[in-house]
Amino acid sequence: MMDKLASVFLYLILSVATLTGAGCEQETQQASPRADTAAQSAEIEPEPVVEKPEPPAFENYIERGDLAAIGERGVLRLLAPRGPVDDALPRDGLPSSEWRQLAEKFARSRGLEPQWIYVDNFAAMIPALLDGRGDVIANNFSRTAERAGQVAFTRPLQYVRELLVTRRDSEAADPLKVAVRRGSAFAQTLADGQRQQQFSIQYLDDAIGHDELLAGVASGAYAATVVDSNLADALLPSYPGLVASSELQSQRAIAWAVRRQAPELERALNEFFTAEHLLASQRQQRLRRDWDEIGDSRTLRVLTRNHPASYFMWRGELMGFDYDLLKKFARDNNLRLSMVVPGPNVDLAEALDAGMGDLVAASLTVTDARREQGMVFTRPYLQVSEQVIAAKSNRVTKPERPIGELLAGGQVAVNPLSSFHGHLQAMAREQAEPMDIVPVEGATTEQLIDAVARGDYTYTVADSHLVAIENTYRDDFSVVGELPGKQDIAWAVRPDQPQLLKKLNAFLNAHYRGLFFNVTYNKYFEEPKRIRRYQEGRLRTVDRLSPYDPIVRTLAERADRDWRMVVAQMYQESRFDPRAQSFAGARGLMQVLPRTARQMGVSNLYEPENGIRAGISYLGWLEERFPRDLPFDQKIYFTLAAYNAGHGHVRDARNLAARLGKDPDLWFGNVEIAMLMLSQPEHYRQARFGYVRGREPVNYVREIRERYLGYLSVARNEKAIAN
């Protein structure tokens with residue numbers, strides 16, 4: 001269910017964008033006759049309409065290289081079978097439109113232009129891929145043993161059942177003649193030796209869509225056909241005279257395919273799938289909640305940015321001034337803290353209003369513009385000045401003339417979503433000399449200081465507490481002035497959250513300038529030695545997450561896993577210490593028990609490669625213990641929980657969740673609640689595997705997910721400035 005909702009959410013975003021664009025085009029077309037009428041009434045010759053030349057048709061080429069070669073071309077060619085629905089509008093519930101959107105999003109995430117390449121039928125897709133006429137088979141493509149012998153498949157996106165479709169009033173036939181497209185996985189299923197006596201195959205070579213096939217069965221043109229279960233839910237309601245059965249007893253994985261000579265492309269796709277599914281489920285949680293609803297969920301969702309004052313990663317640990325304050329607030333109120341880092345170009349005020357989080361904590365300056373956007377601020381917990389930064393080599397000294405005159409002499413680069421942008425614009429309106437304000441979308445303060453130090457821009461502006469951090473470990477910039485006035489830093493909520501606002505203000509009033517606040521403040525802003533240590537170890541790029549990245553990348557790639565998720569788990573298990581050993585005897589980087597490792601064919605767990613191989617193998621073994629049709633992201637969470645607590649306890653928790661009326665296929669807010677209850681006698685006495693310290697797997701899954709999402713936020717920042 002979660003997987004479907006995430007896909008529908010993605011579809012809705014793109015559909016709205018498409019419909020908005022279409023509406024604008026219609027408006028323009030309707031405006032033209034009115035303009036012509038006005039011109040004629042004024043007896044003015046209308047300007048001739050200049051037709052824009054159509055873009056040149058795509059000319060395909062032969063390319064059999066991996067991701068680097070594809071990147072040089074700048075195009076990702078996506079293979080799909082030709083059909084009557086190719087040019088149709090997306091239809092709710094059809095995976096073909098969801099796959100299409102997902103494929104195009106992947107291409108653009110790599111800086112590539114998506115280009116669809118259509119072939120005549122399913123049988124032609126693998127030859128086209130192997131010939132180099134396409135790069136990815138991105139479709140509702142079943143993984144079969146025969147196909148896997150020719151191409152490399154990604155991690156399964158779904159598992160589906162193959163359903164036999166006949167008319168309700170049809171008479172039994174022996175053998176039953178079933179119409180399927182040549183080269184489809186259905187044809188392979190029907191050709192299986194055990195089914196040859198029961199079915200005969202009617203091969204279809206023409207480009208025929210699912211609707212046309214079902215209509216043919218309904219009209220009697222075909223006796224039967226086969227559809228995947230993920231298609232049946234969307235299509236069959238339109239054909240009440242048809243019935244689907246699981247008579248074939250066949251289940252297959254839906255995955256995408258690349259050439260075997262393209263392991264980097266396969267790895268990139270697997271990483272993208274994991275990130276997209278986990279982020280989509282996080283984005284889907286759009287709830288406008290006040291304190292009572294937050295308490296019921298036991299989770300506080302905080303919108304923030306990835307930067308050294310609020311929230312960052314240091315050697316695998318989540319840190320930051322705002323993060324530490326809110327971690328104590330959450331702990332004091334028996335809540336879990338979930339940090340939500342939207343894309344760098346997402347306005348935090350809009351994200352808050354949309355319900356993506358419960359509050360904003362991102363070293364946010366209190367401004368009238370943000371109040372007009374609907375933000376309600378807590379009492380300030382910091383006061384800062386906005387300082388003007390220049391390169392050290394610029395030799396600009398603190399000016400005696402007004403700061404506006406100084407800034408008029410060069411480019412001032414700022415993020416357009418920052419408070420600096422509005423303050424500079426207001427200053428520019430009040431002075432005679434023009435000011436060149438350069439908006440740099442998605443840029444962090446640190447990235448803008450880097451750009452000024454390199455000489456890309458003359459100036460930037462930064463809050464004084466961030467400047468203090470930067471000054472502890474670098475000397476390539478100077479503070480040359482300040483914008484007028486002091487600025488308050490506060491957290492922000494929506495107007496419909498008076499209870500949460502009251503709780504936050506009470507917390508700040510109780511702790512502001514007290515022992516906890518001062519110790520935390522000094523930790524991030526006043527102790528140069530500690531600040532330098534944090535900044536040197538702070539994660540700024542995802543190129544290197546651990547000392548063992550090359551090993552993890554190689555082994556995770558073979559297992560179709562996102563290596564970043566493995567690293568997040570490895571830190572949770574051992575803090576990257578290959579000699580780690582638990583009280584229960586688990587050893588090595590992934591803390592595997594020796595007897596479990598022997599079952600995986602691994603010994604000497606203190607050897608980093610062996611420890612990682614054992615952990616990844618064990619993850620794969622655990623994943624197979626759960627139903628194949630679990631949603632993509634939920635399978636990750638259940639597997640992690642089983643790694644920590646054992647798959648038997650997770651199975652007990654799923655059964656208990658079902659008895660409690662919760663969804664046994666969803667971890668957060670459902671099975672995790674049941675897992676906590678398995679430490680209570682009235683529940684663990686009825687469980688097959690008995691007592692479990694439920695809080696451990698619950699925290700384990702959450703902390704690994706938060707660390708993984710932290711890695712993704714760093715990657716998004718890195719990508720935003722690169723673009």
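Okay, so one definition before we start: two strands pair if DSSP finds at least two bridges between them. Strands here are DSSP runs of E, at least two residues, and helices are runs of H or I, at least four residues, all numbered from the N terminus.

Also, what you're looking at is a predicted model, where local features need pLDDT of at least 70, side-chain atom pairs count only at pLDDT 80 or more, and totals for chains, interfaces and linings use all residues. Residues are numbered from 1 along each chain as its sequence is written, and side-chain values use heavy atoms, with hydrogens and water left out.

Let's go to strand β6, residues 158-167. Which strands does β6 pair with? One is β10, residues 242-254, antiparallel, over nine bridges, and there Arg-167 sits opposite Leu-242. Another is β9, residues 224-228, also antiparallel, over five bridges; in that pairing Thr-166 has Ala-224 as its bridge partner. Eight of the 10 residues in β6 are buried, and buried means under 20% relative accessible area, with exposed over 50% and partly exposed in between (1.4 Å probe, protein chains only).

Ser-363 isn't a glycine, yet has a positive phi of about 50°. You'll find Ser-363 in strand β16, residues 359-365, and it counts as buried because its relative accessibility is 9%. Asp-560 is another non-glycine with positive phi, about 60°, this one in the loop between α21 (549-558) and α22 (563-574). At 15% relative accessibility, Asp-560 is buried too.

Now, charges. How many salt bridges does the structure hold? There are 37, counting a side-chain nitrogen of Lys or Arg within 4 Å of a carboxyl oxygen of Asp or Glu. Take Asp-496 and Arg-288, which meet at 3.0 Å, N to O. That pair links distant parts of the chain, 208 residues apart: Asp-496 is in the loop between β22 (477-493) and α18 (498-511), and Arg-288 in the loop between α9 (263-284) and α10 (291-297). Asp-496 is partly exposed at 36%, and Arg-288 is partly exposed at 44%. Both belong to a salt-bridge network that also takes in Asp-353 and Arg-494.

Two other salt bridges to click on. Arg-564 and Asp-562 have their closest N and O atoms 2.9 Å apart, and both residues are buried. Glu-696 and Arg-693 come to 2.7 Å, N to O; Glu-696 is partly exposed at 40%, and Arg-693 is partly exposed at 45%.
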